[in-house]
Amino acid sequence: MNILSINNVSKKFGDLEVLKNITIDVAEGEVIAIIGPSGSGKSTLLRCIIKLVNIDKGSIEIEGKPMVYRDTEGNSIYSSDKDIRVLRKKMGMVFQNFNLFPHKSVLENIIEAPLTVNNAIRKEAESTADKLLAKVGLSDKRNSFPCELSGGQKQRVAIARALAMNPAIMLFDEPTSALDPELTGEVLRVMKALAEERMTMLVVTHEMAFAREVADRVIFMDLGEIIEQGSPKEVFGNPTHPRTKAFLGQILR
Amino acid sequence: MDYDYIINTAIAITKGFKVTYSLLFTTLLLSLPLGLLIALARISKSRLLQYVAGTYIWLLRGTPLLLQVFFIYFGLPAFGITFDSMTAAIVAFSLNYAAYFAEIFRSGIQSIDRGQYESADVLGLTYTQTMKRIIIPQMAKRVLPPVSNEVITLVKDTALVFGIGLLDTLRTAQIIVTRDFNITAFVIAGIFYLINTLILTLIFNRLEQKYSYYYD
Ligand SMILES: Nc1ncnc2c1ncn2[C@@H]1O[C@H](COP(=O)(O)OP(=O)(O)OP(=O)(O)O)[C@@H](O)[C@H]1O
Ligand SMILES: [Mg+2]
């Protein structure tokens, strides 16, 4: 069974068709890199999956349960708020701009959702947080505030914060694009370690080396469509579509 | 200099301090939370709430505070609602200041980055939890300077209650000045307002310092 199924999803902003009939099946433990030029709809796709925006057409299932399904007339219907809450909790998301809570310490950022959403016991939430901080290499920053961290450190805290909710699927939207080049490595290493633990991951990225090395599958999007997909070897080594070739030619130059 | 006169006058004016302080602190206690509620209504998804809050703010900021005091003290009895003068003043001041605070809070809330809502949302926080734990605490830091401004204006606005016969600091001083043909009482009243605005300024500076443990 697929952990995530996206079927014929379309999304418009006004007259602009941002996603056109997107279908992706994600197997458990699969790491998917989504690449494509600016404005091709990569962020919108992730935001639709985690329901930061609603889709217009199609359906999305998580672990076989519909978050949004098609009725007999083909209209997309969202499940009940209660069911959606359960399904959304299976996903974590990491943003380009980190979006840490600036008024909370690193530790408080990480335990915020476990405490308020899951009613976790503080002690347990803190011990989970400490383990996650060790995992992302930031144990010494436990009591720092986001303003005291570098971009790479902020992003690693953001990853720990998402992991604290114990998601089954992690969505990354250009997690290293806001970082100075020398800081991308530390974030990519954490993501790679996560992939090695068989976390299911959808990663929108411009880091082609990372996609090539870590992804099981690369999806190339342009103008709201999936143009081409396959293993990194296939897509990078032997792209078939001219638009993929043009994009890779530009970015790998 | 007649020190005895100065001291006696100061003692006589302290009776007015009580009125000024009650009005000041009760108004703050009521108008700050009310202002926050109005701000939340103003930015809510409900069109009706937005409209009600918007109209409220327009009416209360769009007419003189003294007129509102008059309306509540002299006007409402016509509808069978009567207040003693102190209550009328407190009601009018609280409603009026709530409108100003609401606008300050609204702009403070709207200055918070959308990403804060999004990250709270994907972590599973409800709207109420997001407002209470993420947005409003950050808003509080940002609105300290304009709130401080309003509070200092309020200290001086309290003097408007002479209009409904309340014996506040300024009115008490004025009575003494007229009686004695001596402006000492005005000077003492002036010093009283200065000291209070100074104390409040210091309190707000401390609060700003307290919040300086982070920046964004
Ligand atoms: N909330 C929105 N309202 C209107 N238009 C939007 C909205 N969000 C995105 N768009 C538009 O949808 C298109 C796709 O945007 P999206 O952010 O998904 O692209 P992207 O592939 O992530 O690009 P980038 O690489 O620049 O991040 C763009 O043309 C964008 O302007
Ligand atoms: Mg994007």
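**Exercise 1.** Determine whether B:Phe101 is buried or exposed.

Solution. B:Phe101 has 0% relative accessibility and therefore counts as buried, where buried means under 20% relative accessible area, exposed over 50% and partly exposed in between (1.4 Å probe, protein chains only). The model is predicted, so that local features need pLDDT of at least 70 and side-chain atom pairs count only at pLDDT 80 or more, while totals for chains, interfaces and linings use all residues. Side-chain values use heavy atoms, without hydrogens and water, residues are numbered from 1 along each chain as its sequence is written, and chains are lettered from A and ligands numbered from 1 in the order in which they are written.

**Exercise 2.** Classify the ring pair of B:Tyr213 and B:Tyr214, and describe how accessible each residue is.

Solution. Rings of Phe, Tyr and Trp (its six-membered ring) pair if their centres lie within 6.5 Å, and planes under 30 degrees apart count as stacked, over 60 as edge-to-face and the rest as tilted. The centres of B:Tyr213 and B:Tyr214 are 5.2 Å apart and the planes stand at 65 degrees, so this pair is edge-to-face. B:Tyr213, at 38% relative accessibility, is partly exposed, whereas B:Tyr214 is buried with a relative accessible area of 1%.
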